[in-house]
Amino acid sequence: PQGIGSPSVYHAVIVIFLEFFAWGLLTAPTLGVLHETFPKHTFLMNGLIQGVKGLLSFLSAPLIGALSDVWGRKSFLLLTVFFTCAPIPLMKISPWWYFAVISVSGVFAVTFSVVFAYVADITQEHERSMAYGLVSATFAASLVTSPAIGAYLGRAYGDSLVVVLATAIALLDICFILVAVPESLPEKMRPASWGAPISWEQADPFASLKKVGQDSIVLLICITVFLSYLPEAGQYSSFFLYLRQIMGFSSESVAAFIAVLGILSIIAQTVVLSLLMRSIGNKNTILLGLGFQILQLAWYGFGSEPWMMWAAGAVAAMSSITFPAVSALVSRTADADQQGVVQGMITGIRGLCNGLGPALYGFIFYIFHVELNELPMPESSSGGSVVAQYPLQQNSIIPGPPFLFGACSVLLALLVALFIPEHTNLNVRSSNWKKHCGSHGHPHSPQAPGEAKEPLLQDTNV
């Protein structure tokens, strides 16, 4: 009786596309409002806002996933989309409230976790990888197209129209969930289930991290992921603001940068990744991806011209092969009943980095006094950047110190990854984990063996 038709992957795809398309439209307006609201400590406040949001998402995602196993997916899809998009209309009403609500909304900004659970409910295990790929590709497509559209509309008609359009798309997404999305767990949607207990082990965000030290190979892999993803998470939170305010990119140039980088990353993670995995092996692919990431971050750190940012962006697309290669290494070397445990550890570490990385980058920008104290810069009529009028600060030897710090962190990750064997059997004690899977897992839920129980915080991963 609820929704239109039977539950399908396409319902989940539309929900994801509309949510992130709405946020993508606000890419350029958000950068301007952020600088206007916090003119003296722009990067520090941006890091704190994104850091609080990331940490809250890391802490709440397992609990929301556990509750959705009992109460159903549809209600939590509605809850997460509503609170994730709630800050959008506040951008023009009150910028202070806008950024405050963004940081607090991290408690519910875990739409991907619920969407992946929804997809897992309605697919067989052999279909799940393709379905997850379709959801991730839809997310990437929304972010490739929407920033450019938002920048164009903002230039032609003003930012107010962009905010209204983004709000309308968010409302459309909420209405679509209410009207069209059917529940994927109908057998559990009965009044008695609302009082059913949940497993607090499943809701513990640190549950998988506690198992990290139980196997030396797992420890090496997790250290590699932490050292490489920490600067990546910080970079995602501040890089487009850095391009806009420090490097002098126009709104259109930032949108074009996002689109080009997204397209190149998709190609790298599909065609290039498969070729490298077949030709040089899994471990060497990881090492190559880390090498590209070091080069990219160092280039960002020392780059002082727009063309350097574009060139480093192409290298950044190649560095995106690292995490898929790490996931493939884990899936090949772990036993079938260990997949969820090890993948959950990696996902948990990435979720933790989503909170720590932005705050770390913002703090490093702050201590190196990398700020822009002038008013937002004018843009050229041709849509290019105006760099000469706002040169980099004269006392700044390194234009982007956090990126150089990130390069050093990834270099350490590369040294750790050298000790990871190409072929091994991972052994992580997971009796409680498997017992919990058997007693609380749904036949097609993502908590079945072989799937991660940790928050799937991939909202920033193209």
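I note here that the model is a predicted one.

I then listed the buried residues of α2, and they are Thr-27, Ala-28, Pro-29, Thr-30, Leu-31, Gly-32, Val-33, Leu-34, His-35 and Thr-37.

Next I looked at how α2 packs with helix α6 (residues 95-104), and I read an angle of about 110° with the axes 10 Å apart. Because angles of 65 to 115 degrees count as roughly perpendicular, I wrote down that α2 and α6 are roughly perpendicular to each other. I also recorded that α2 passes α6 in a left-handed crossing.

For the residues that make this contact, I found Thr-30, Val-33, Leu-34 and Thr-37 on the α2 side, and they meet Pro-95, Trp-96, Tyr-98 and Phe-99 in α6. When I sorted the contact by class, I had 6 nonpolar and 2 polar residues, with no charged ones.

My last entry concerns Gln-296, which I located in helix α13 (residues 282-302). Is Gln-296 buried or exposed? Its relative accessibility is 2%, and since buried means under 20%, I count Gln-296 as buried.

Leaving out residues up to four places away in sequence, I found that Gln-296 touches Gln-235, Ala-312, Val-315, Ala-316 and Ser-319. With Ser-319, I also noted a polar contact of 3.1 Å that joins its side chain to the side chain of Gln-296.

Definitions and conventions:
Residues numbered from 1 in each chain as written. Predicted model: local features only at pLDDT ≥ 70, side-chain atom pairs only at ≥ 80, totals over all residues. Heavy atoms only, no water. Buried < 20%, exposed > 50% of the residue type's maximum accessible area, 1.4 Å probe, protein only. Helix = DSSP H or I, 4+ residues; strand = E, 2+ residues; numbered from the N terminus. Axes fitted to C-alpha atoms, helices over the stretch in contact; angles between N-to-C directions. Parallel < 35°, antiparallel > 145°, perpendicular 65-115°, else oblique. Left-handed = near helix turned anticlockwise from the far one by under 90°. Contact = heavy atoms within 4.5 Å. Nonpolar A, V, L, I, M, F, W, Y, C, P; charged D, E, K, R; others polar. Polar contact = N/O pair within 3.5 Å; in protein donor to acceptor, adjacent residues only side chain to side chain.
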